[in-house]
Amino acid sequence: MRESCQWATVSPVLKKYHDQVWGRPVFTDQALFESLTRQVFQSGLKMQMVLVKLPEMAPVMDDWQIEAVSRYSEAKVQQLLQDPLMIKNERKVRSVIHNARIIQQMAQHKQSFSDWLWSQVGFVPLDLQQRTNTKVLVQHPVAKRVCQEMKARGFEFVGPRNVSFFLQDAGLLNGHWVNCEYYQKWN
């Protein structure tokens with residue numbers, strides 16, 4: 001019998017996210033920005049609700065394209081905050097735009113966000129060997145270190161918890177339960 005991480009069995013939306021996105025290593029600046037954006041918007045909210053809203057929000061935010069988002073003006077921010085499809089948290093919206101600008105600045109200096117981030121785990125997903133199936137690991141020492149480095153680079157909305165979830169979402173940390181069918185698949 002195929003088993004999943006327990007949190008993924010709560011709803012079809014979470015199951016699809018678990019099976020198709022969460023924990024699958026991604027290596028492009030774009031995919032990592034989208035993962036980081038998911039975690040910024042998820043902070044303080046139920047992940048299921050965010051997963052339903054993000055596809056609605058994507059066209060409003062240029063499908064999360066780093067270059068486009070990084071160029072948003074104050075007028076665009078105000079437009080986003082009035083859009084009925086958006087999660088209307090001004091701090092989150094501004095943080096996503098700011099984070100896109102940081103990634104753009106890195107690219108302009110010939111540094112890949114992906115290369116920098118993956119170097120933090122030695123370019124190989126770090127196996128958390130999750131022995132319990134009750135919940136996702138909330139914080140990890142690597143996430144705490146990456147969080148400090150991201151803050152030093154100017155990233156916003158990147159507390160240790162958000163960064164831990166981000167690193168698991170993007171597959172840098174394998175947080176799948178050891179008996180989950182995806183534990184070995186992405187490890």
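In which loop is Phe 155 found? In this predicted model, Phe 155 lies in the loop that runs between helix H8 (141–153) and helix H9 (160–169).

View 1. Apart from residues up to four places away in sequence, Phe 155 touches Leu 36, Asn 99, Ile 102, Ile 103, Met 106, Phe 113 and Met 150. Between Phe 155 and Pro 25, the C-alpha to C-alpha distance is 21 Å, and the two are 130 residues apart in sequence.

**View 2. Met 150 and the largest nonpolar core.** This core comprises 60 residues, of which Phe 41, Met 61, Phe 113 and Met 150 touch the most other members. With neighbours within four places in sequence left aside, the contacts of Met 150 are Leu 36, Phe 113, Trp 116, Phe 155, Val 158, Val 163 and Phe 166. In soluble globular proteins, nonpolar side chains tend to be buried together.

View 3. Because its relative accessible area of 15% is under 20%, Arg 38 is classed as buried. Besides Asp 169, Arg 38 touches Tyr 17, Val 21, Met 47, Val 50, Leu 51 and Leu 54, where residues up to four places away in sequence are not counted.

Terms used
Residues are numbered from 1 along each chain as its sequence is written. This is a predicted model: local features need pLDDT of at least 70, side-chain atom pairs count only at pLDDT 80 or more; totals for chains, interfaces and linings use all residues. Side-chain values use heavy atoms; hydrogens and water are left out. Buried means under 20% relative accessible area, exposed over 50%, partly exposed in between (1.4 Å probe, protein chains only). Contact means heavy atoms within 4.5 Å. A nonpolar core is a set of buried Ala, Val, Leu, Ile, Met, Phe, Trp, Tyr and Cys residues joined through side-chain atoms within 4.5 Å. Helices (H or I, at least four residues) and strands (E, at least two) are DSSP runs, numbered from the N terminus.
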